[in-house]
Amino acid sequence: MKLNYRDRILLTAVIVLLVWAAGIMLFIKPAIEDLGDAQTALEDAKVTLSDLEQQIDADKDLDARIEEAYDAASKIAMNFYDFQEAQVATQSVDDLLDADNLTNLNMSISSYSTVALQPYMYASNVVTTDMDSLVVDYENEGVVSEDNVDVNSEITEGSEQSLLTPQTIGCYTISFDFNGNIDDVKNFCEKLKSNEKKTLVLQSIDVSFGSEEEGEAAASESDEVSGSMSLNMIVLRKLADPTAE
């Protein structure tokens, strides 16, 4: 069929429209969608970058804070005996006995176990009567000053619960019989409070003067005693230095 000039113009226009529509569908629309996705990804990346910059700024002194926290933890840990094997623990106690001239007759040590440390909480036992409250209210005239604010009221239920939660820590129980001078026994017990390590705790002690063969009179005149003692050695594993390579 032969097309006239008008039909050729219409056919050309239809072909152009089809090519234009196909170009939009195949190239331009996907490109617009890709551009939108790229812009969204760019905005997300900017937000992530901003968060990272804020975190970097907040952690710029992180090394100093880590070192400060490590020093504080190490200072507390100095009060505890280092974690050690059982034979080393018994030798440590035996050395303390030797330093005070006490003779260790035998010594036994328990398996490594745990003990619960309960934070010390002071509870006032002062009784406040109704009349006391009236007098205080009269003196304050209804004005509450900072000095009269109960500090315990600032402790939230969660933080109070965490303070009351016992913390478990490693422990050995060391028991032994001994003999020596009564003054040396007193010195040994006193040094448990003043030693650099504060975590050798006296659990029980039983002391007898002289012996049954010597009689009561001889026993009362003698400063030599014998007895048994039980100690708890609380030990702590030390933290590794985070700055060490």
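Which residues form a nonpolar patch on the surface? In this predicted model, the patch consists of Met25, Leu26, Phe27, Ile28 and Ile32, and together these residues have about 580 Å² of accessible area. Ile32 belongs to helix H1, which covers residues 5-58. With a relative accessibility of 56%, Ile32 is classed as exposed, because the cut-off for that class is over 50%.

Helix H6 was examined next. The helix comprises 13 residues, 182-194, and at 1.5 Å a residue it should span 18 Å; the C-alpha atoms at its ends are 19 Å apart, which agrees with that expectation. Ile182, Asp184, Val185, Phe188 and Leu192 are the buried residues of H6. In general, an α-helix has 3.6 residues a turn, so residues three or four places apart point the same way. The cover over the buried residues of H6 includes helix H3 (86-99) as well as strands E4 (167-181), E5 (200-209) and E6 (224-236). At the N-terminal end, H6 is capped by Asn181, with a side-chain oxygen 2.8 Å from the backbone nitrogen of Asp183.

Strand E6 also contains Ser230. Ser230 has a relative accessibility of 12% and is therefore counted as buried, the limit being under 20%. The side chain of Ser230 makes a polar contact of 3.5 Å with the side chain of Ser175. When neighbours within four places in sequence are set aside, the residues in contact with Ser230 are Thr173, Ile174, Ser175, Val201, Leu202, Gln203 and Ser204.

Val115 lies in strand E3, which runs over residues 113-117. At 23% relative accessibility, Val115 is partly exposed. The C-alpha atom of Val115 is separated by 6.4 Å from that of Gly170, although the two residues are 55 residues apart along the chain. Apart from neighbours within four places in sequence, Val115 is in contact with Gln167, Thr168, Ile169, Cys171 and Ile234.

Charged side chains were then considered. Side chains of opposite charge can pair when their charged atoms come close. The count of salt bridges in the model comes to 6. One of them joins Asp82 and Lys238, whose closest N and O atoms are 2.2 Å apart. Asp82 is in strand E1 (residues 81-82) and Lys238 is in the segment after E6, so this pair ties together parts that are 156 residues apart in sequence. Both partners are partly exposed: the relative accessible area of Asp82 is 36%, and the relative accessibility of Lys238 is 38%.

A further salt bridge links Lys60 with Asp57, at 3.8 Å between the closest N and O atoms. Lys60 is exposed, with a relative accessibility of 68%, whereas Asp57 is partly exposed, with a relative accessible area of 47%. The side chains of Asp59 and Arg65 likewise meet in a salt bridge, with an N to O distance of 3.4 Å. Asp59 is partly exposed at 31% relative accessibility, and Arg65 is partly exposed at 36%. Asp59 and Arg65 are also linked with Asp61 in a network of salt bridges.

Technical notes. Residues numbered from 1 in each chain as written. Predicted model: local features only at pLDDT ≥ 70, side-chain atom pairs only at ≥ 80, totals over all residues. Heavy atoms only, no water. Helix = DSSP H or I, 4+ residues; strand = E, 2+ residues; numbered from the N terminus. Expected span 1.5 Å × (residues − 1). Buried < 20%, exposed > 50% of the residue type's maximum accessible area, 1.4 Å probe, protein only. Contact = heavy atoms within 4.5 Å. Polar contact = N/O pair within 3.5 Å; in protein donor to acceptor, adjacent residues only side chain to side chain. Patch = residues over 30% accessible without salt bridge, like charges linked within 9 Å, V, L, I, M, F, W, Y side chains within 5 Å. Areas by Shrake-Rupley, 256 points an atom, 1.4 Å probe, with all protein chains shown as cover. Salt bridge = Lys/Arg side-chain N within 4 Å of Asp/Glu carboxyl O.
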